[in-house]
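Me: Can you walk me through the aromatic contacts in this model, then a strand and a helix?

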Amino acid sequence: MIRLGNNKSRLSPFLGSLILLLFAVSCEDSGQMEPKLDTLSKLGENTSNVVPGRYIVTLNSNEINFRKSDKYEDVQAGMRKIANDILVRYDVDSDKIKSVYGHALTGFTLDLTEEEFEVIRKDPKVKSIEPDHEISYYNQRKTPPGKDQPGDDGGGDGGGEPSDPGTGGTIQIDAPKYLDRIDQRQLPFSGTYTYNETGSGVTAYIPVGGIWDMPEEFENRAVTIDLIGEGEDLNGSTTNMALNVGGTSYGPAKGVNLVGVRTNDTCCDEIGYLSSLLAAYDWILANGQRPGIVLVGLVGPLENTAYFTVIENLYNAGFSLISSSGAWRENACTWASSYKPYIFTVGLATIEDRKQISSNYGDCIDLFTTTTDWSETNGGYVEIWRDGFNMNPNFVAAGVAAGVAAKFLENNPMASPTEVYQFLKNTSTKNVVSFSNSVNNHMLYSGMSMDGTGSIDPNRVNYVLDITGKVSPMKRNEYQILLNWQPIKNESGTVDIYENGLKIASTDDGYLIGDGFWVRFISGRNLAPKSYKICISGTNQCSNEVTLTF
């Protein structure tokens, strides 16, 4: 798994393994280093979701004979010519070129046979060649069977009519719960969302699909840059995220400009490609305006130097990069879309200020925000934005945080991404998200003030597992002890339960750590307090310790 670094490290602990494993096909700019990988089949052994026969090629920078500062179309043409020249040299059809990049990356994407791969990778102009990857959009579209296009009738009530409370701000009545939550420090919900800033003058860029024409939500603020022109975009994923950033009913930044950059046709099979994501980022680097925000597409555990290079280039160009943590119960630090310090990562919280069970976890989460859930069971919160389309919790998390960032940039248009990230962290409400499995158990706040933020608990340890304990009196002198936690993925699949420092039990539930709770009955009079904690079996990864009295 990838372990992403900290603010002082570029690729940090996993850099060595990347070089030794996947990037063994890389050459130095001089072209003198012979690739160690012998066959095409071995290239995909170290990673999953590889697109068979498709590769992202990065060229040595000294091979480029045009200016990257030229306009996008000219750079694209220059890169295509360079790619063609390389392919002609080896009698490879130019139709093999799928995408070319000139701003975010110096290179292109190719479809190659094993024989073609073997000759292309040895070309002196080629710095590295890596597999393309599938990026699943599973569960990002909620469409009833047999319906490819949502109906015209909206699923929500539009959030009511905004009103001016007479204090210089605007109140949105009956706002979605995730907006209702972020304008206040604590629960319960007020039923409204109050705001002053709207993100005016800021642009949010959203790969890799189009933004549907919804004038009631976007007015004249949303456009789609269609770089493929292959029919109508029916997926709705990009539109969903645009709504969460700047929809008049669903977003916190109701004046932000929204740009969908369509580089992948994800209407039907819900499968995207890393190369398409890079193509969108390439266009943004060439044409994007600052102050600007890029909604980073979810990318799971991945070893790809081209991707990390592009992310760094976007960040260094002044774009704030915001992503959901993902929702697979995994350590967010293993996900490429949580790449630190370049990407700001938002965890998923419930309407009760708990980490959602499905949310990824760990140090790489910068804060949490209330989001929708996959279902209405167990207190889940569902928001329908159009007939057949539910709000995706990942899109809510990233979109709402991006909207708050846009509000900050409205007043601070010259702020760097680091300053944007620090603002979001500083103004968040501290220590309110329970079961966070993260040291950053803080809640996004949409106000522009630090009033009421609270302070970070200096004694808090970053526990892999957060537990709570409860004692319930039963009959006579009998008591029920209940320990509760949120399961996370781990190879051992087993949790050890400790009482007063001694292991007293283990629980096993396959790949998940237990099922999130453990019950014990004890009896007696004048029982002394007992302390409990849980640890992942065979590791030193343990929860906090709770002391229970009887």
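This is a predicted model: local features need pLDDT of at least 70, side-chain atom pairs count only at pLDDT 80 or more; totals for chains, interfaces and linings use all residues.

Me: How many aromatic pairs does the structure hold?
Reply: There are 16. Rings of Phe, Tyr and Trp (its six-membered ring) pair if their centres lie within 6.5 Å; planes under 30 degrees apart are stacked, over 60 edge-to-face, and the rest tilted. One of the pairs is tryptophan 212 with phenylalanine 389, edge-to-face, at 5.5 Å centre to centre and 80 degrees between the planes.

Me: Which parts does that pair tie together?
Reply: Tryptophan 212 is in the loop between strand S7 (203-208) and helix H6 (215-218), and phenylalanine 389 is in strand S16 (residues 389-390), so the pair links parts 177 residues apart in sequence. Helices (H or I, at least four residues) and strands (E, at least two) are DSSP runs, numbered from the N terminus.

Me: Is tryptophan 212 buried or exposed?
Reply: Tryptophan 212 is buried, at 10% relative accessible area. Phenylalanine 389 is buried too, at 2%. Buried means under 20% relative accessible area, exposed over 50%, partly exposed in between (1.4 Å probe, protein chains only).

Me: What about tryptophan 518 and tyrosine 532?
Reply: That pair is tilted, with 6.5 Å between centres and 50 degrees between planes. Tryptophan 518 is in strand S21 (residues 517-523) and tyrosine 532 in strand S22 (residues 530-536), so this pair ties together parts 14 residues apart in sequence. Both residues are buried.

Me: Which residues form one aromatic cluster?
Reply: Tyr307, Phe308, Tyr315, Tyr339, Tyr342, Phe344 and Tyr421.

Me: New topic. Which way do the residues of strand S14 point?
Reply: Leu367 and Thr369 point one way from S14 (residues 367-370), Phe368 and Thr370 the other, and all are buried. In a regular strand, side chains alternate between the two faces of the sheet.

Me: How many bridges join S13 to S14?
Reply: Four, and the strands run parallel; S13 covers residues 343-349. Two strands pair if DSSP finds at least two bridges between them. Valine 346 has leucine 367 in S14 as its bridge partner.

Me: And how many residues of helix H8 are buried?
Reply: 12 of the 14, so H8 is largely enclosed by the rest of the structure. Among them are Tyr281, Asp282 and Trp283.

Conventions:
Residues are numbered from 1 along each chain as its sequence is written. Side-chain values use heavy atoms; hydrogens and water are left out.
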